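Let's take a friendly walk through a protein model. Have the sequence and the 3D view ready as you read.

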Amino acid sequence: MRPILMKGHERPLTFLKYNRDGDLLFSCAKDHTPTVWFADNGERLGTYRGHNGAVWSCDVSRDSTRLITGSADQSAKLWDVQTGSQLFTFNFDSPARSVDFAVGDKLAVITTDPFMGLTSAIHIKRIARDPSDQTGESVAILKGPQGRINRAVWGSLNKTIISGGEDAVIRIWDSETGKLLKESDKEDGHKKPITSLTKSTDGSHFLTGSLDKSAKLWDTRTLTLIKTYVTERPVNAVTMSPLLDHVVLGGGQDASAVTTTDHRAGKFEAKFYDKILQEEIGGVKGHFGPINALAFNPDGKSFSSGGEDGYVRLHHFDPDYFNIKL
Amino acid sequence: MAVDAAAPPSKLRWGELEEDDAEDLDFLLPPKQVFGPDENGIKRVVEYKFNDEGNKVKITTTTRIRKLASARLSKRAVERRSWSKFGDAVNEDVGSRLTMVSTEEIILERPRAPGTKQEEVKVAGDPLASMGKAGAAIMVCRKCFKKGEHWTAMCPYKDLAAPTETSIDKPPSADNSATSAGATKGSYVPPSMRAGAERTGTDMRRRHEENSVRVTNLSEDTREPDLHELFRPFGSVSRVYVAIDQKTGTSRGFGFVNFTIREDAERAINKLNGYGYDNLILRVEWAAPRAN
């Protein structure tokens with residue numbers, strides 16, 4: 001395959017997200033402008049100007065009209081996808097890290113980092129249908145985990161919130177009462193900070209990637225460990241194919257150490273694993289820095305990766321990918 | 001791409017040009033024109049803009065449109081296709097080339113040839129393990145080192161043992177039989193792994209790195225046979241090398257010894273590290289594999 005290279009960002013990529021139809025790709029980077037691209041040919045459609053710090057993550061509503069972004073400028077913003085205009089700004093006292101729309105797009109979860117004596121927190125916000133009715137009040141604020149919460153997503157039927165972060169513990173919270181329902185075991189769980197968390201398309205299981213050089217597959221309802229994928233590099237990003245039983249892990253050596261070694265030693269490939277057999281299928285090379293973000297197109301026929309090198313690489317699979325056998 | 005410069009309109013003063021942003025003057029420019037795409041898929045876009053010196057510039061971009069596959073798109077997605085650009089994408093330079101197709105063909109690199117199983121690799125990994133101690137049986141297969149079962153030519157494991165086999169007397173074509181058999185299922189096999197392709201040097205190097213022991217602080221007149229004699233009691237030695245200075249022809253004081261079995265190498269290290277040899281104290285350790 002010949003990937004499409006998109007050089008719209010001047011700083012390392014942090015997050016990638018496809019809309020539900022799979023025709024738009026949203027990219028966030030440490031420069032301050034999230035960007036939207038056409039997912040088929042990589043043409044830039046527009047940028048969302050207004051943030052004043054690194055943008056850590058984004059989510060798009062199911063009908064692809066609203067975008068929410070979380071940024072280090074201590075705010076999360078709602079955008080109109082089509083025009084790039086700001087609709088609302090949620091202000092916090094510390095940097096916003098992870099954002100995720102609930103099913104139905106009436107609620108959103110936003111995590112904030114520990115900052116200046118404040119602990120990290122998970123905020124649940126109500127999203128109004130009409131942006132003029134939007135308020136910044138939190139429905140609930142969940143606190144407890146030590147260190148940064150790198151990712152928080154909604155569980156099935158919006159009843160729970162799944163979070164993972166620097167303390168390497170995966171937690172499932174009741175989104176109504178804010179009570180902590182489950183925590184991952186010490187033995188089963190990750191040993192180092194969790195960097196990424198992705199749900200499967202049907203939401204029945206989710207995948208976490210960690211700096212302990214492994215990724216783990218968990219059952220959403222019971223938080224039991226299903227599979228572990230072991231690799232030889234810290235995992236920064238994970239995603240799952242919606243079409244095949246494939247898991248993709250991205251990572252590489254720490255960005256600060258990249259220049260000290262040969263680029264081959266950095267292991268900057270996106271590694272494909274068989275979801276069930278936990279065996280490596282192959283690797284896709286190309287980035288010359290660690291991979292920070294991965295996303296699969298909802299049709300499963302292409303995926304994109306974003307690296308510390310500032311490039312988004314959009315890969316449309318060759319036909320023989322779809323009948324790979326181990 | 002054709003670029004024609006025309007004099008700026010006379011009603012403008014230079015001073016204003018310097019102060020104002022180029023965007024504010026955009027209304028003075030003729031609108032963007034798009035021709036095509038015609039039956040050959042050639043599309044021409046004619047744009048006008050001011051360059052850095054304030055001159056009006058006509059930029060013609062000719063592109064060929066290729067229709068890739070008839071992808072099914074939702075109605076909404078088709079609608080979004082015609083959305084106008086916004087943000088920084090509006091004033092994007094024609095030549096900025098934010099989106100490029102990679103010139104390099106990227107493949108999904110398989111960790112091993114498709115069709116091979118991990119277990120087989122393990123079998124091939126220690127063909128020597130079944131060898132046991134030297135002596136005993138007369139009929140020893142040189143491929144799999146099984147004693148008394150078959151001759152080398154009849155070896156049922158010859159395909160499996162091929163990649164890590166140490167004997168070099170067999171023809172190179174036999175070397176590739178294992179990989180080529182597994183790779184016929186239409187999937188891409190890199191040229192270096194195809195049948196008939198020559199083995200690259202990496203295999204050879206790896207062989208040298210296996211169970212390799214580095215010996216330093218050798219005396220100048222130590223030669224390879226001396227080292228072989230010293231290390232032979234610990235087990236079968238597959239290779240001995242002493243670094244010789246090209247100019248003087250004397251030993252440079254270090255060498256490498258490879259053992260066929262790792263445990264033997266370990267014992268040799270334990271015994272000989274710090275051993276006095278030729279009025280010098282030897283330093284024996286695992287040879288660190290090369291970084292690349």
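Here is a short tour of some strands and cores.

This is a predicted model, where local features need pLDDT of at least 70 and side-chain atom pairs count only at pLDDT 80 or more, while totals for chains, interfaces and linings use all residues. Residues are numbered from 1 along each chain as written, chains are lettered from A in the order written, and side-chain values use heavy atoms, without hydrogens and water.

Strands pair if DSSP finds at least two bridges between them. Two pairs are listed here:

| Strands | Bridges | Direction |
|---|---|---|
| S14(A) (149-154) and S15(A) (160-165) | five | antiparallel |
| S7(A) (66-71) and S8(A) (75-80) | six | antiparallel |

Six of the six residues of S14(A) are buried, meaning under 20% relative accessible area with a 1.4 Å probe, protein chains only.

S7(A) and S8(A) belong to an open antiparallel sheet of four strands, ordered S6-S7-S8-S9. S6(A) and S9(A) are at the edges with a single partner strand each, so one side of each has no neighbour in the sheet.

Now turn to the nonpolar cores, sets of buried Ala, Val, Leu, Ile, Met, Phe, Trp, Tyr and Cys residues joined through side-chain atoms within 4.5 Å. The largest has 19 residues, and B:Leu227, B:Phe231, B:Val257, B:Phe259 and B:Val284 touch the most other members. A second, separate core of 16 residues includes A:Trp79 and B:Trp83.

Terms used. Buried means under 20% relative accessible area, exposed over 50%, partly exposed in between (1.4 Å probe, protein chains only). Helices (H or I, at least four residues) and strands (E, at least two) are DSSP runs, numbered from the N terminus.
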